[in-house]
Amino acid sequence: MKHTKKNAVEKFNLIRDIKKNKLLYLFMIPVIVYFIIFHYVPMAGIVVAFEKYFPRKGIFGSQWVWFKNFENFFKGAYAGRVIKNTIIISVLEIVFSFPAPIIFALLLNEVKNAKFKKVVQTVSYMPHFISSVVFCGLVADFCSSRGFITDFIVMLGGTRQSLIGNADYFRTIYTISGIWQTVGYGSIIYMAALSGVDKELYEAAMLDGANRLQQTWHVTLPGIANTIVMLFILRMGSFLTVGSEKLLLLYAPSTYEVADVISTYVYRKGILDADFGYSTAVNLFNSVINTALLILTNKISRKVSDMSLF
Amino acid sequence: MEYIKKSPSRVIFEIINTIFLVLVTICFLLPMWHVICCSFSDPQKLNINFGAVLWPLGTPTLSGYEMLGNNTALWKAYGNTLLYVAAGTSFSMILTTIGGYCLSRKCFGLRKALTLFLSFTMLFDGGLIPTYMVVKALGFVQTRWAVIIPGGVSVMNLIIMRTSFEQVPSALEEAARIDGANDFQILWRIFLPLTKATTAVIALFYAVAKWNSWFHPSIYLSGKRDLYPLQLILKEVLINSSITDMVSSSDDFMVSQAKILIKYVVIVVATLPILCIYPFVQKYFTKGVMIGAVKG
């Protein structure tokens, strides 16, 4: 993108630079080739979103239809459902899953026994290393009509049924299991930020008569605010991208109504139905909104709190 | 701060906090413990069991493991996964280290421009179908290459690598240059040994991602059963509940009896290796995560 322009301006310098750093340029070639092939060429491939694409006719032979694919999506029966589900699941994640590692890190930070802390941390990382297939297999098994979570709920007075196949519970299970999987590993960055908070600030706050809760509020949280804001901006950048892998593995026709999101729809249309143009169009809509939200959040954050990612 | 006497409310908080964290830890451990205990259980008892299994049901038995032991499909998939992890991680590490090295060189004229060139792909990408079309055009679909090469370089990891190289004192590099070392020797002999911890963590990240990846192989290898990695076989067993391919026993009754047992055994076999490795490298996680968080 930008660098080609720069190349032209500094052509004279570039040749000198190549002579000076021959080996570096040689090293960089495979990396650049890799990114062109697997990132920039696909970006150019987005043009199929504006075509009625037929594999046999190819990108250049297929008929150019402008915004027809987008129109079909928004007028179709599924647009409302998948957009609504995507937003609901994403909001659930931001409200519950995003703060969970922060709270976990704050609680862990209050533990004075180093050994206990270490054990809890190590164990909490474990779910992160379980593959999504095994993870979803476990969720499906535990929430099946004979699973141990269902059993626990029966013990508390619920009825015995397949929880995962029930549309009413799907999102709850998805959110809670997501927290289980990410809370420990997600807390690493906050633990690191917490260890960087100046100890003298606590002592100063104590001299001013602040109790522990006030210390947390006035010293600890501002100390890690930067990290929280940064991760929040990043999270907003993938607002419309909710874990398609997990959903693909967990949903079933009985729960499509609440679990079908944009990315799973893109997968079904593109890979299963091989409707490349349409699927790419839906995905492009998704990417554009994500990028816009990332830039917008970044901008708001820079204005309001003077913190930004770029 | 220890000399200040703890207030009663502080003591109560600490007790509740400890209890809470113990409960959380149990929540993390319980599912895996349940799976391990189930995998050693008596298949008949397991079939009629409801609820958590905290100790193997019946006499602990290895029958599930024995049934899988002579299953060629599973071992083939295991072999494929090991191959993908080894080849994929090597490929990823080569590009990530050389890329990180080049971008860490202050004398490199295109440093800023190329960093932007790579970072832009984090902001915006072609998406599922255009990427699939490229992989198909390269002739990778339904070959091992499709699992090894696409998705091989993570910009995040490359930037972590770059930042950790930047922290190597430049005096070391200058001394090596005076001795006549070129960039390759400097990278291999000085930078990599000095950044062992970061390199190990990034290699672990790549290896775990490859070991656990299911989505890409499922798209690119569909139909090619002998190239399937472990996760695709697992998906059939765990999500589709089909074990016909898994157990090559002549006794149909025994197979149907062991269906649930087999599920737990494959989870253990496929997950334990990773769960045994990460605790040894975890002290470096913080480093990896924090360096990556530094503004690009």
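1. In this predicted model, A:Val134 is in contact with B:Leu234, B:Leu238, B:Ile267, B:Ala270 and B:Thr271, once its neighbours within four places in sequence are left aside. A:Val134 also belongs to the largest nonpolar core, a set of 141 residues in which A:Val134, A:Val139, A:Leu250 and B:Leu234 are the ones that touch the most other members.

2. Taken as a whole, the interface brings 70 residues of chain B into contact with 71 residues of chain A. On the side of chain B that touches chain A, the largest share comes from helix α1 (residues 8–39) of chain B, which supplies 10 residues. Sorted by class, this side of chain B has 48 nonpolar, 17 polar and 5 charged residues.

3. One helix pair across the two chains may be examined separately: helix α17 (residues 276–305) of chain A packs with helix α6 (residues 128–137) of chain B at an angle of about 130°, their axes being 8 Å apart. The two helices, α17(A) and α6(B), are therefore oblique to each other. From α17(A) the contact is made by A:Phe276, A:Ser279, A:Thr280 and A:Asn283, and from α6(B) by B:Leu128, B:Ile129 and B:Pro130. This contact has 4 nonpolar and 3 polar residues, with no charged residues.

4. For chain B, the domain assignment gives domain 1 (1–61) and domain 2 (72–225 + 284–293). The centres of domain 1 of chain B and domain 2 of chain B, taken over C-alpha atoms, are separated by 37 Å.

Conventions: Residues are numbered from 1 along each chain as its sequence is written. Chains are lettered from A and ligands numbered from 1 in the order in which they are written. This is a predicted model: local features need pLDDT of at least 70, side-chain atom pairs count only at pLDDT 80 or more; totals for chains, interfaces and linings use all residues. Axes are lines fitted to C-alpha atoms, for helices over the stretch in contact, and angles run from 0 to 180 degrees between N-to-C directions. Helices (H or I, at least four residues) and strands (E, at least two) are DSSP runs, numbered from the N terminus. Angles under 35 degrees count as roughly parallel, over 145 as roughly antiparallel, 65 to 115 as roughly perpendicular and the rest as oblique. Two residues are in contact if their C-beta atoms, placed from the backbone, lie within 7 Å. Ala, Val, Leu, Ile, Met, Phe, Trp, Tyr, Cys and Pro count as nonpolar, Asp, Glu, Lys and Arg as charged, and the others, Gly among them, as polar. A nonpolar core is a set of buried Ala, Val, Leu, Ile, Met, Phe, Trp, Tyr and Cys residues joined through C-beta atoms within 7 Å. A residue is buried if 20 or more other C-beta atoms lie within 10 Å of its own, exposed if 12 or fewer, and partly exposed in between; C-beta atoms are placed from the backbone. Domain bounds come from an automatic or database domain assignment.
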